[in-house]
Amino acid sequence: MNALPQAPELPPPVKPDTNAPPPPPAAQPGSAVPAISVKDLDVFFGSNQVLKRVTLDISAHAVTAIIGPSGCGKSTFLRSLNRMHELVPSARMQGRILLFGQDIYGRKVEPVVVRRRVGMVFQKSNPFPTMSIAENVTVGLRLNGVRNRKVLCERMEQALAMAALWDEVKDRLTAPAISLSGGQQQRLCIARALAVQPEVLLMDEPASALDPLATAKIEDLILELKKQYTIVIVTHNMQQAARISDQTAFFYLGELIEFGLTPKLFTHPSKKQTEDYVTGRFG
Amino acid sequence: MNENFHQWRKFKNTFMQVLTCACALVVVLPLALVFYHVLKSGIGSVNWAFFTQLPKPVGEVGGGMANAIVGTFVLLGLAALVGVPVGVLGGVYLSEYGAERLNWWIRFMADVLNGVPSIIWGMVVWGLMVVPMKGYSTWAGGVVLGLMMVPMIMRTTEEVLRLVPAGYREAALALGIAPWRTALQIVVRTALRGIVTGILLALARVSGETAPLLFTAFGNDFWTHRLRDPIAALPLQIFNYGISAYDDWHRQAWAGALVLLLMVAVVNVSVRVLTRERFAARA
Amino acid sequence: MDLATDTRLFAKPQPAARRGAGDRGFKWLTLAMAVTVFVLIVLIGYELANGSNLSLRKFGWHFLFSSDWDPVSSQFGALPFIFGTLVTSAIALVIAVPLSLATAVYLTEIAPPWQRQILTLFIELLAAVPSVILGLWGIFVMVPWCREHLFSWLRRTLGFLPIFQGPIYGVSMLAGGIIIAIMILPIITSVSREILRSVPGLQREAAYALGATRWEATRIAVLSYARKGLFGAVILGLGRALGETMAVTMVIGNRPEIVKSLFAPGYTMASVIANEFTEATTDIYFSALFEIGLVLLGVTVLVNALAQLLLKTFAGPGVTPQN
């Protein structure tokens, strides 16, 4: 089987083994090697500081929710985890972000490699319209040089199954991706991200553009996925965060106000600002 | 293999960046060459005589293009008389009135007209004016350039008017100002600068047209005193001198080219500067 | 258009009391001005059809396939000119399309902002250069250079191909094609650039998030998405190439012959009209030239209409999902 190419500096990632028993539930913060470790992160766009000294550890095989009012920097934070904020020319960062112990902003580390290990799903689904469903799912693999048709088909089926989309599309894999409904397209985007076997999956308000039924499907999917992946999800929907996440980080005006186990943060927050936001006094 | 493939991807990326940059330079090259040669060959001949004297008879050295320069301005004036009212008012209709379907067809026709070769315009006006009037004339030259300007000005006027926010119209109508006054005194006046730049650009475009004038204005070695006589124009003179066998005429053709090129370049650059100011002021 | 941005004053019915005579008059005035475009098209078609009547009746379809262009014996056939127009346009496209598309990609995806501004200015200036000035430069600078350097090099290296054989004069089909290429570079580049800019940023982000390099992201998210519009830009360039007159006339050699060599002089439809219209003496001569004009008009209108349709219907494939 074709192995995906690895970056020169980073050792091979831990590959999820689908036959192994599921890992233990809900990791406690601070236990084992954190999937992502953020230390003193500052992000600037030009002279505007958008994130201030953010420090937290994201546990592996868990769902971490990022909540906060509009403009608090949660999307920027998410994007700094896979270096997508660098697409803006005036972006600058300070601090360290470690992916399973390795600095993703190291001098010789290329964003291209980081993004293969940290996948992303966007708020508005964005399948490539000129490609079929199958082509969309396998595009990441083909970019990385996987040519073997058997391998591509296997991975595609795996990814679609993990995204809970296989049964719905298995008969029309060559249909254009845009012929799917909104909710299906979003799951297709998830499958596309999963096909390259990332270790972490970032999700930026993945269900905000979907109806409640489709949203529920996505949430169920996330709960399944966390068995194999580490998930970081930005959401403005607090009930959603409470439903599906193990840990929650509350951001306000670019600062991390509070970070902890979800049940505790929502019922007994330590900071007043957290309590105000969670109870709806502002937002 | 994986490492090599990764390097290959990087190489492709860099290669394409260099290639596209090279192509951009190649595209700009003819401009630089043309400007350089026109300057080099024309600058020596652009003298007082050039601007004030009439062409000398065939074979004699000396003379100038005074009548051609004046002729170009006369033709542009006539063209503006024909093209500006029709174009601007037509653009007002497209922006302020009309049904979707009709407007779509009008725009489509205008765009098709913009693509009609200029020599065809010349033939048409020849049949419409030169034949009945039994001779080439300044009228015919002015009309053909004016007609060519109509679709150009119509489209640019419409685009500029559309940029005027709907709020301005509503405020005026709410004050009880009649719709036609609103259109003229509020909307058009707000967009006036854009409309004027559109007109200037159209004038610059047609000032360099030679083909339609070949059988309408035709050219004249002397001053034109009546509008129903043929008239000289700068591009016509450049063409006739350029393809002639006489070195002195070639020299004058370059001088004419320099004058015409500078005229056109100045209009284009100043229009750009004006519109940039407009956007900067708004932001 | 939604209510907030609908700029038309009378998109919805207005109460009759608010419409005065002034309004009606103004509306009809502007409408009359707007429909002149239809009038003009009809006028153009009518004039050309009328003018070519004689020739149409005398020569019929044979006109399009005959190479006989002999004003003296009143025999006219348009094939050499059709051939010349097609060949020079084809050469122009082969040269200009890759250059323009690459430049458009560079401008939208790769170039830093300061380069973008300068390059855009230069390209607009190139678009503004009148055809006759480019032709002048063609006669005195480009053609001699081609004769001395480019064409002889082509004959040396690619001379096994029939198109690069034969005597080199300088003025030629190839020179015509090159100069048309220079004229259509700006329009293809700027329209392509607009098309590429309209590709939603979300598409690029999807590619980057998968770990694509910049070129890969451009290829799969931008170029693929925009291909219909880019094709429209190319067709627009073709339309422009077909109608190009002055610059071509000055460098093509003006000989109505159909030869395999690109170094041989040629003649295009627009050029023959430009050169011979004022020399025409007999009615049938005029009519033949009008018929060539009619063919030229027909071809350019069709090509331009096609280009406009492609560009107007390009909103990007699949903008909204079906639910």
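This passage describes the interface of chain C and chain B and then a pocket in a predicted model.

The interface was examined first by its extent. Chain C contributes 83 residues to the contact, and chain B contributes 88 residues. Together the two chains bury about 8000 Å². Carbon and sulfur atoms account for 79% of that area.

Specific polar pairings were then counted. Three salt bridges cross the interface of chain C and chain B. One salt bridge joins the side chains of Glu124(C) and Arg272(B), with an N to O distance of 2.9 Å. Nine residue pairs are in polar contact between chain C and chain B, both residues being at pLDDT 80 or more. On the side of chain C that touches chain B, helix α14 (residues 283-312) of chain C gives the most, with 13 residues. By class, this side of chain C has 56 nonpolar residues, 17 polar residues and 10 charged residues.

Attention then turned to the second largest pocket. Its space amounts to about 770 Å³. The lining comprises 27 residues. Closest to the centre are Leu87(A), Glu109(C), Arg204(C), Tyr208(C) and Arg214(C). The lining of the second largest pocket divides into 12 nonpolar, six polar and nine charged residues.

Notes. Residues are numbered from 1 along each chain as its sequence is written. Chains are lettered from A and ligands numbered from 1 in the order in which they are written. This is a predicted model: local features need pLDDT of at least 70, side-chain atom pairs count only at pLDDT 80 or more; totals for chains, interfaces and linings use all residues. Side-chain values use heavy atoms; hydrogens and water are left out. Contact means heavy atoms within 4.5 Å. Buried area is the accessible area (1.4 Å probe) that two parts lose on being put together, summed over both. A salt bridge is a side-chain nitrogen of Lys or Arg within 4 Å of a carboxyl oxygen of Asp or Glu. A polar contact is a pair of N or O atoms within 3.5 Å; within protein, one must be able to donate a hydrogen and the other to accept it, and residues adjacent in sequence count only if both atoms are side-chain atoms. Helices (H or I, at least four residues) and strands (E, at least two) are DSSP runs, numbered from the N terminus. Ala, Val, Leu, Ile, Met, Phe, Trp, Tyr, Cys and Pro count as nonpolar, Asp, Glu, Lys and Arg as charged, and the others, Gly among them, as polar. On a 1 Å grid over the protein atoms alone, a cavity is a set of points where a 1.4 Å probe fits but cannot get out, and a pocket is an open set with protein on both sides within 12 Å along at least five of seven lines; lining residues have an atom within 4 Å of a point. Grid points are joined across faces, edges and corners, and a volume is the space filled by probe spheres set on the points.
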